[in-house]
Amino acid sequence: MDSGDPQLIQIAKAYPVTLRPVGDLGAKLEAGERDFRWADLRKANLSQRDLSGADLRGANLNRARLSQVNLSHANLSGANLTQADLSGADLNGANLSGANLLGTNLIGASLLGANLTDANLRWVVISPKTQMDPKWHLVWTIINGVAQGESLAQADLSGANLERADLRGRDLTRANLRGARLAAANLRGANLSQANLSEANLEGADLTQANLRGAKLELANLRRVLVSSETQLDPKWRLVWELVNGRAQARNLIYADLSRANLSQADLSGVKLTGASLVEADLRGTNLSGANLRWAELGKANLSQADLRGANLSQTNLNKANLEGTNLCGASLIKAELVRAKLVGAKLVGAKLIGANLSKASLVGTDLREANLIGTNLSEAKLGRSGLNLLDVNAPSPLRYLSQTDLSGADLRKANLSRADLSQVKLIGANLSRASLSRADLSGADLSAASLNKAKLGEANLTQTKLGRAKLRNAYLSGADLSGANLRGADLKLANLRRSILSPETQLDAKWHLVWELVNGRPDNRNLEGADLSGANLNWIDLGGVKLVGANLSGANLIGANLSGADLSRANLSGADLSWADLSYANLEGSNLDHATVEGANLKGARLDFKWKWIWLSLWLKGLASIWFDHRDTLYLPPPTPAKR
């Protein structure tokens, strides 16, 4: 529950925690142990023990003997302390949020600075010596019927557990009841005007004849609340009350203001909510199947576990919305905004996501079978366990359903698709620049005209893949299986083809087939006179003694290449990277070396035109000077200054 991982939290909530036996409690305390979460300590005798700072979350201390125990700054949130004896106990600074203190003995105990949010204080026994913050003492008086009729105007009762409290006719004007539990409370005729009831639980409360004019009811639970014609309620919240209690199905809710409304579990199937404002609304488990939510504002709304089957969400704003476990099968999300939305475990089978923006969205475990994702923006989206987009094949995740999906035109820049099953997926024209596709299965996929610039495709399965006219500049294809792949017209400038696998059926332009042969040490001959190797990635290649007369190597990457004794006369090396290349005794006469980088290159005995010799010598001297002054410059050959006429 503390992990922050939505999947782990879902699993944790699905399984009830079994109380664990403690064994020899005394020995463990003597050893300094302080972790007693969900411990079974029923009727345990812990009197006068030092449990300061102990973790007792969810522990069962029913009828435990805890007189004069030191529990200062201990964590007792959610603990069961019913009928426990805490007389004289030190509970200063303790966390008792959500704890059940029903019938607990707190005579002479000190609870200064203790957190009693949502704690049950019914029938708690206190004495004049019991020290308690005024706020919680007031809560105790209310829940136990002490000082009936006392004005509670502007009282701070935020987070208080006032379940089933009798507050008939009480003056609660401008009272702070934010997050308070008022389920089944009797508020008949109470004055709650301008009170803060946001996030309060009023389920089953009696509000007949109550005055709630100007009251804040954002995210308040109004399910089964009793109201009457005399109940004074602002129109927005009366509408919310009608919706959650099934009394407004036929209402026209076009452009309605339902922002921050609690509509969880409501039946809104088929309702027209076109253009409605549902910003930050609570729609958990709500039935919105077939609803028209086109142009609606749902930013930061909580739609987890909601039913949105067949709903119209076209051009809807769902940025940062929580859609975990939501059923969106067959829904229309055309051009919807879902930036940073949480779709963990959501069902999107057959959904229309054409042109939708899902950038940075979390789609871990999402079922996208038969979904239409043409033009969908999935840049930096998480679509697999631990951020492995579109499924880690080794992970026990249900997201194995992108095979044969249409992702044509999708924006998947920087997406992590390592080990993803993308077999037969349509990615025509998709943007996969800088995407990680290492060991991904792209067999039979259609990547025609796709952008894969700087993509990582190491050891990827690209058998029978369509890559015609694809942009693969600077792509890493080392070890990739390209058997039977179609790369006609593909741009492979500076792509790494080392150890990549080709078959006789692989369709590859002659230029890049030659580059593949060279980098993998399979040239048919050593005569490459006039060859076009422009933009080729030839790092650390062995071309010693090869004839490259008139060859085009402009923009080629020849870092660390062996060109010793090679004939490069009249070759075009404009913009080539020759850093640390061995050019000793190479023939470079008549070659074009405009902007060629030669840092660290070995030019011993090389035959250079006079102008390049002079420039190289000046740069060499500059290099010595930079070393002397402890300053490094990148050495490159600029174009020669034209001679003056």
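1. Is helix 4 (residues 235-244) mostly covered or mostly uncovered? Seven of the ten residues of helix 4 are buried, and the helix is thus mostly covered. Buried denotes under 20% relative accessible area, exposed over 50%, and partly exposed in between (1.4 Å probe, protein chains only). Helices (H or I, at least four residues) and strands (E, at least two) are DSSP runs, numbered from the N terminus.

2. The model is a predicted one, in which local features need pLDDT of at least 70 and side-chain atom pairs count only at pLDDT 80 or more, whereas totals for chains, interfaces and linings use all residues. Residues are numbered from 1 along each chain as its sequence is written, and side-chain values use heavy atoms, with hydrogens and water left out.

3. In helix 4, the buried residues are Trp237, Leu239, Val240, Trp241, Glu242, Leu243 and Val244. Strand 4 (232-233) is included in what covers them. After helix 4 comes Gly246, with a positive phi near 65°.

4. Helix 3 (residues 134-143) has buried residues at Trp136, Val139, Trp140, Thr141, Ile142 and Ile143. These pack against strand 2 (131-132). Gly145 follows helix 3 and has a positive phi, near 70°.

5. Leu452 lies in the loop between helix 4 and strand 5 (486-487). Leu452 counts as buried because its relative accessibility is 1%. Not counting residues up to four places away in sequence, Leu452 touches several residues, among them Leu432, Leu467 and Arg473; contact means heavy atoms within 4.5 Å. The C-alpha atoms of Leu452 and Leu467 are 9.8 Å apart, with 15 residues separating the two along the chain.
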